[in-house]
Amino acid sequence: MNGASPAASASSAAGAPPATGAQPPAVEVRGASKIFNLGRHNEVKALADIDLLIDQGDFVTLIGPSGCGKSTLLRLIAALVAPSDGTVAVNGKAADAARLDRDYSMVFQRAGLFEWRNVTRNIELPLELMGWKAADRRRRSAEMLELVKLTEFARHHPAELSGGMQQRIAIARAMSFHPQLLLMDEPFGALDEMTREHMQNELLRIWSETQITVVFVTHSIAEAVFLSTKVAVMSPRPGRIAAVIDNDLGPRTDATRDDPAFFANVTAVRDALRGGHRR
Amino acid sequence: MTAARALLHSWLPPVVAAVVILGGWEVLLAVIRPDGFVLPPPSDIGGAAIENFDAIVGATGVTGFIIVTGLIAGVVVGAAFAVLVTAFRAANETLTPLAVAVNAVPIIALAPIFNAWFGLLSPRSNQAVVVVLVFFPIFINTARGLTQVEPSQVELMESYGAGRWRIMREVRIPNAMPFFFTALKLATSLAVIAAIVAEYFGGRQDALGNLITNSAGLTRYNDAWAAVLAGSLVGIGLYALAVLIERLVMPWYFVARRSA
């Protein structure tokens, strides 16, 4: 379905230019820092010395306390914010070029659907911007509605949907043009616990069906461990990556949430968040 | 059946209210019998309207033209300023203080000065008053709607590589629509007031404003009230038109309200 296949991912020596044929890493951040309002009284050092390598097909969560710069790091990858220092590459090209090539798609905490468009036309928004023909758009949005299992709501308006449904439509919109990379900024943060677990299952189903790369910002340890293949733990002021924890729990089911290996990794992430003192 | 019922439900209350108010007015005046110049009963006003029908319709046409053209010009200029100010920071920094300063001027008070500019008997000066008065609420409200957008919607558009004008078209302008129509409904009554009051000071002599001042001057109060009634009908008609356009332009807004 998607161009990016995790099987083909070759995480070659970091920093080396991608060899022809081998896929470059999905995301490569080198020595990046971000200072807001440089030289002014409200100067904030948001990120310092960030190195992060994300392979194709990975599901990486960025976790850390509020204000640790995890959303800023995500926006650096999205080229919505420029780094003060260092480089950010997506699929082997400069982040801004990747943005203009539409290599990635974003999902925010607020679904941010356009009230003035119905569900179908919300999903088709990126396709319209890319100049797709109406018939192609209609075919793809129908596919996407099937993917998020909301086909019967095609002609509804966002205000008629629940928060969880709106967020599923936002995911369908983000996936509509088959981006290789999905950047998610606390997408389930505003949902209740039951809806949230359901959405996590849905996201993992979509991820395994499409083999897309996901970078997922959260401040829930359980969410990070349940979802991802790697957990990047961040520390605040200035934001740094304190540890990257491999989180290989195999295919997830609801039973995973009660698995001892799950709890072991939850503990590992929690320790890393505390600075690793108890390890 | 249900449609007819819905129609009945929406029309019955205002019709009943109008009948009760006009009837009460008529009865009250029949009981206390004030002098005619204080307040004539509705039946006398209606009689005067029928008697002077041609003159009132003609005057309403003259004033209505001034109202509608001034309203359209004020709305177009106000909305265009709002878009300009939102799109360019430099425009915002120069035009917004200017607009606020212009609004601080008691614009109706400029009517005699506009007469000097455009000619005492020219409708241009009346139109100018309408334009200036309508401009400000349209400008301020539309600008607010264009800027008060969900930040993640702008980020989303940027993440798709959309430029400033695409974001204007897809996010800011639709977002500003409810603000714009709120201002437009306000502006319809402002335009009627502006045109008639401006006509007190000059402009064509066969307009509603002159009809009111002349009739009152000749103590023909029934005629003055009939002319006021005609002005009100123009205002109500324009308001209803604005509501209709609002419904047609943004049906989604009312879908949302229904389920909320």
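Predicted model: local features only at pLDDT ≥ 70, side-chain atom pairs only at ≥ 80, totals over all residues.
Q: What percentage of the contacts in chain B with a separation of 6 or more comes from residues 24 or more positions apart?
A: Chain B has 260 residues, of which 35% are buried. Among its contacts with a separation of 6 or more, the share from residues 24 or more positions apart is 74%.

Q: At what angle do helix 6 and helix 8 of chain B pack, and are they roughly parallel or roughly antiparallel?
A: Helix 6 of chain B covers residues 123–147, and its axis runs 7 Å from that of helix 8 of chain B. The angle between them is about 160 degrees. Angles over 145 degrees count as roughly antiparallel, so helix 6 of chain B is, relative to helix 8 of chain B, roughly antiparallel.

Q: What is the handedness of the crossing of helix 6 and helix 8 of chain B, and which residue classes form the contact?
A: The crossing of these two helices of chain B is right-handed. By class, their contact has 20 nonpolar, seven polar and three charged residues.

Q: Is B:F180 buried or exposed?
A: B:F180 is found in helix 8 of chain B, residues 164–201. A residue with 20 or more other C-beta atoms within 10 Å is buried. B:F180 has 24 C-beta neighbours inside 10 Å, so B:F180 counts as buried.

Q: Which residues does B:F180 touch, not counting residues up to four places away in sequence?
A: B:V85 lies 95 residues from B:F180 along the chain, and the C-alpha atoms of the two are separated by 15 Å. A contact requires C-beta atoms within 7 Å. With residues up to four places away in sequence left out, the residues that B:F180 touches are B:A79, B:N141, B:T142 and B:G145.

Q: Which helices of chain B pack against the buried residues of helix 9 of chain B?
A: Helix 9 of chain B covers residues 208–217, and its buried residues are B:L208, B:G209, B:N210, B:L211, B:I212 and B:S215. Just after helix 9 of chain B, B:T219 takes a positive phi of about 55 degrees. The buried residues of helix 9 pack against helix 3 (53–87), helix 8 and helix 10 (221–249) of chain B.

Q: Which elements of chain A give two or more residues to the side that touches chain B?
A: In the contact between the chains, 17 residues of chain A meet 18 residues of chain B. The residues on the chain A side divide into 10 nonpolar, two polar and five charged. The elements that give two or more residues to this side are helix 2 (95–100) and helix 4 (125–129) of chain A.

Q: Which element gives the largest share of the side of domain 1 of chain A that touches domain 2 of chain A?
A: Chain A is assigned domain 1 (26–103 + 181–204 + 214–272) and domain 2 (110–178), with 25 Å between their centres over C-alpha atoms. Contact involves 10 residues of domain 1 of chain A and eight residues of domain 2 of chain A. The domain 1 side has six nonpolar, two polar and two charged residues. Its largest share, four residues, comes from helix 7 (residues 193–210) of chain A.

Q: Which residues of chain A does the cis peptide bond join?
A: A:P238 is placed in the loop between strand 9 (230–235) and strand 10 (240–246) of chain A. Omega of the cis peptide bond is about -15 degrees, and the residues joined are A:R237 and A:P238.

Q: Is A:N37 buried or exposed?
A: A:N37 lies in the loop between strand 1 (27–36) and strand 2 (44–54) of chain A. Its phi is near 55 degrees, a positive value in a residue other than glycine. Because A:N37 has 9 C-beta neighbours inside 10 Å, A:N37 counts as exposed.

Q: What is the phi of A:D49?
A: A:D49 lies in strand 2 of chain A. With 14 other C-beta atoms within 10 Å, A:D49 is partly exposed. Although A:D49 is not a glycine, its phi is positive, about 45 degrees.

Key. Residues numbered from 1 in each chain as written. Chains lettered and ligands numbered in written order. Buried ≥ 20, exposed ≤ 12 C-beta atoms within 10 Å, placed from the backbone. Contact = placed C-beta atoms within 7 Å. Nonpolar A, V, L, I, M, F, W, Y, C, P; charged D, E, K, R; others polar. Domains from an automatic or database assignment. Axes fitted to C-alpha atoms, helices over the stretch in contact; angles between N-to-C directions. Parallel < 35°, antiparallel > 145°, perpendicular 65-115°, else oblique. Left-handed = near helix turned anticlockwise from the far one by under 90°.
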